[in-house]
Amino acid sequence: MGAALDLLRYAASVIEREINAVSDNPLVFADTGEIVSGGNFHAEPVAMAADAIAIAIAEIGALSERRIALLTDSRMSGLPAFLVPEPGLNSGFMIAHVTAAALASENKSWLILPASTHCPPRPIRKTM
């Protein structure tokens, strides 16, 4: 969990810095000479921090799934299989592990893809 905690702390520091930053990318319209200063925020640092948070959460989920697997495996935990006194027809906590495994796989397959890299480029305003 330490690596995930480090990543969450990193993301928190980026978000805190960006929330407190003074950022302004003024819009300059060459054809009219107008300059509009509207605090146009460039959110890429925040987007990358959000991607880091997603990675950390997915890792926490993967570690949690492994802990459930170890707990329900009688060979590893020394406890009754699936945490029920008479395993077999009674599947006990097996469904908790199956659910955790499915969610961990879903996280790793597409939920943690870096969304910050999928932003379309901004259109360029042409002047005539």
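A polar contact of 2.7 Å joins the side chains of E65 and H97, where a polar contact is a pair of N or O atoms within 3.5 Å, one of which, within protein, must be able to donate a hydrogen and the other to accept it, residues adjacent in sequence counting only if both atoms are side-chain atoms. This is a predicted model, in which local features need pLDDT of at least 70 and side-chain atom pairs count only at pLDDT 80 or more, while totals for chains, interfaces and linings use all residues. Residues are numbered from 1 along each chain as its sequence is written, and side-chain values use heavy atoms, with hydrogens and water left out.

E65 is found in helix 2, and helices here are DSSP runs of H or I with at least four residues, numbered from the N terminus. With a relative accessibility of 10%, E65 counts as buried, since buried means under 20% relative accessible area, exposed means over 50%, and partly exposed lies in between, with a 1.4 Å probe and protein chains only. Leaving aside residues up to four places away in sequence, E65 touches H97, A100, A101 and A104, a contact being heavy atoms within 4.5 Å.

An α-helix has 3.6 residues a turn, so residues three or four places apart point the same way.

S116 lies in the segment after helix 4 and, at 13% relative accessibility, counts as buried. Which residues does S116 touch, not counting those up to four places away in sequence? They are A47, M48 and D51. The side chain of S116 makes a polar contact of 2.5 Å with the side chain of D51, and the C-alpha atoms of S116 and D51, although 65 residues apart along the chain, are separated by 7.0 Å.

Side chains of opposite charge can pair when their charged atoms come close. A salt bridge is a side-chain nitrogen of Lys or Arg within 4 Å of a carboxyl oxygen of Asp or Glu, and by this rule the count comes to three salt bridges. One of them returns us to E65, whose side chain meets that of R66 at 2.9 Å, N to O; E65 is buried, whereas R66 is partly exposed, with a relative accessible area of 44%. In another, R17 pairs with E18, the closest N and O atoms being 3.4 Å apart; R17 is partly exposed at 48% relative accessibility, while E18 is buried at 15%. D73 forms a salt bridge with R75, with the closest N and O atoms 3.3 Å apart; here D73 is partly exposed at 21% relative accessibility, and R75 is exposed, with a relative accessible area of 73%.

Notes. Helices (H or I, at least four residues) and strands (E, at least two) are DSSP runs, numbered from the N terminus.
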